[in-house]
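Biologist: Let's go through this model label by label. For each one, I want the cut-off and the value that meets it.

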Amino acid sequence: MTRSTGTARLHRSLRAPEADRGNALPAGAWWLWALGLATAASRTTNPLLLGLLVGVAGYVVAARRTDAPWARSYGAFLKLGLFVVGVRLLFSMFLGSPIPGTHTVFTLPEVPLPDWAQGVRIGGRVTAEQLLFALYDGAKLATLLICVGAANSLANPARLLKSLPGALYEVGVAVVVAMTFAPHMVADVVRLRTARRLRGRPAGGIRAVAQIGLPVLEGALERSVAVAASMDARGYGRSAQVPPAVRHTTNVLTLGGLLGVCAGTYGLLASQGAVYGLPLLLAGLVAAMAGLRLGGRRSVRTRYRPDRWGARAWLVAGSGAVVAAAMIWAGGVDAEALHPGVVPPVAPVLPLWPAAATLIGLLPALVAPVPPSPNGSKEQA
């Protein structure tokens, strides 16, 4: 065997295969990857790092997005992120900001308010510092939404629901309505706008939005409810009898674990709670998993072709976790680089090793199975 032949075989073995029913990544892997990027975004207001996170998420979506209806929701989340930034700036201009500033940009007419509304103002002086703070804050929230949009575009909702623990199947009907409503709504918007263009009618503007808004909402809700009704007719979420002691223990463990997860997540996202956040999060996860395992005894069901977590799924989920851990660590080592000053305004600088760690989030674009071409077979749940 020549060296070139061995190298070619190694390259073929490392190349990502084409996605099919058997090797498609579990939806949970995509959500863990996206939540890792969102956690990293919540730890910084540096617009350069936030833009890099958006670029990483966008590149992975472009490389591994299918032609399924839910895959078209990423563009809607991008527009929503821009809308959030604009609203944040408008609120800062018209309602003021607690950020002090000396560089006045313009002055709006101020509305006089009664004495009981002290500390609140409408209009007045608008400074460059408050606008910069609002821009950074809005960009962070927009990046969080875009990361969630990436998960919605890449993860199959049906496969995610199939992976739910048995204890959560009682609320599965409500979950499927909530998770399929947004993708169906995006697909209906595209379909109705295309139909209006073919009829020679305008597809943009306030009038067009008002005319297609009600059919879009009605159609998306009807399709989601139809899926939920079919699941209910098949006994989705049907429970069995369990002893009262097991039921009470399950409720205590699940509720306490979820509270611990919420408190731990808040601690990790807040800059002051990084010390207690991780222990609370781990304890909450252990308690919640124990409660879900006990609660799974109530669910009488079989699982057809369960999703298997292979090496590629763990690499996708782990890449997001590495990005989040690196950003949290960077916040404790060099907080000034992650939070550029606004009083006085300081030009943001791209920190090298947090930026390099963010690029690890591109790993799914290399290891995740390649979606089939539009002319090929369709992805199935």
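**Labels and their cut-offs**

Modeller: Start with Gly331, which is found in helix H11. This is a predicted model, where local features need pLDDT of at least 70 and side-chain atom pairs count only at pLDDT 80 or more, while totals for chains, interfaces and linings use all residues. Residues are numbered from 1 along each chain as its sequence is written, and side-chain values use heavy atoms, leaving out hydrogens and water.

Biologist: Why is Gly331 called partly exposed?

Modeller: Buried means under 20% relative accessible area, exposed over 50%, and partly exposed in between (1.4 Å probe, protein chains only). Gly331 has 24%, so it is partly exposed. Its C-alpha atom is separated by 7.7 Å from that of Thr44, 287 residues apart along the chain.

Biologist: Trp314 is also found in helix H11. Is Trp314 buried or exposed?

Modeller: Its relative accessibility is 54%, so Trp314 counts as exposed. Trp314 and Leu32 are 282 residues apart in sequence, yet 9.7 Å apart in space, C-alpha to C-alpha.

Biologist: How do you know that the span of H3 agrees with a helix?

Modeller: The expected span is 1.5 Å times one less than the number of residues. H3 (residues 47-64) has 18 residues, so it should span 26 Å; its end C-alpha atoms are 26 Å apart, which agrees. H4 has 23 residues and should span 33 Å; its ends are 32 Å apart, so that agrees too.

Biologist: What caps the N-terminal end of H3?

Modeller: Asn46 does, with a side-chain oxygen 2.9 Å from the backbone nitrogen of Leu48. Among the buried residues of H3 are Leu49, Leu53, Val56 and Arg64.

Biologist: What makes a nonpolar core, and which residues have the most contacts inside the largest one?

Modeller: A nonpolar core is a set of buried Ala, Val, Leu, Ile, Met, Phe, Trp, Tyr and Cys residues joined through side-chain atoms within 4.5 Å. The largest has 36 residues, and Trp30, Trp33, Leu37 and Val316 have the most contacts inside it. Helix H2 (27-42), H3, helix H5 (128-154), helix H11 (311-333) and helix H14 (364-367) each give two or more residues to this core. H2 gives the most, with ten.

Biologist: Why is Arg88 with Asp137 called a salt bridge?

Modeller: The rule asks for a side-chain nitrogen of Lys or Arg within 4 Å of a carboxyl oxygen of Asp or Glu. In the Arg88 and Asp137 pair, the closest N and O atoms are 3.2 Å apart. Arg88 lies in helix H4 and Asp137 in helix H5, so the pair ties together parts that are 49 residues apart in sequence. By this rule the count comes to one salt bridge.

Biologist: Why are both partners called partly exposed?

Modeller: Arg88 has a relative accessible area of 24%, so it is partly exposed. Asp137, at 27%, counts as partly exposed too.

Biologist: Tyr136 lies in helix H5. Is Tyr136 buried or exposed?

Modeller: With 7%, Tyr136 is buried. Tyr136 and Val85 are 51 residues apart in sequence and 8.7 Å apart in space, C-alpha to C-alpha. Val85 is one of the buried residues of H4.

Biologist: What makes a nonpolar surface patch, and which residues make this one?

Modeller: Patch residues have over 30% relative accessible area and no salt bridge; nonpolar side chains (Val, Leu, Ile, Met, Phe, Trp, Tyr) are joined within 5 Å, and like charges within 9 Å. This patch covers about 610 Å² and is made by Leu90, Phe91, Phe94, Leu95, Val111, Leu113 and Ile122. Areas come from the Shrake-Rupley method with a 1.4 Å probe; for residues, only the protein chains shown count as cover. Helix H4 (residues 73-95) gives the largest share, four residues. Ile122 is found in strand E2 (residues 122-127). Ile122 has 33% relative accessibility, so it counts as partly exposed.

Terms used
A polar contact is a pair of N or O atoms within 3.5 Å; within protein, one must be able to donate a hydrogen and the other to accept it, and residues adjacent in sequence count only if both atoms are side-chain atoms.
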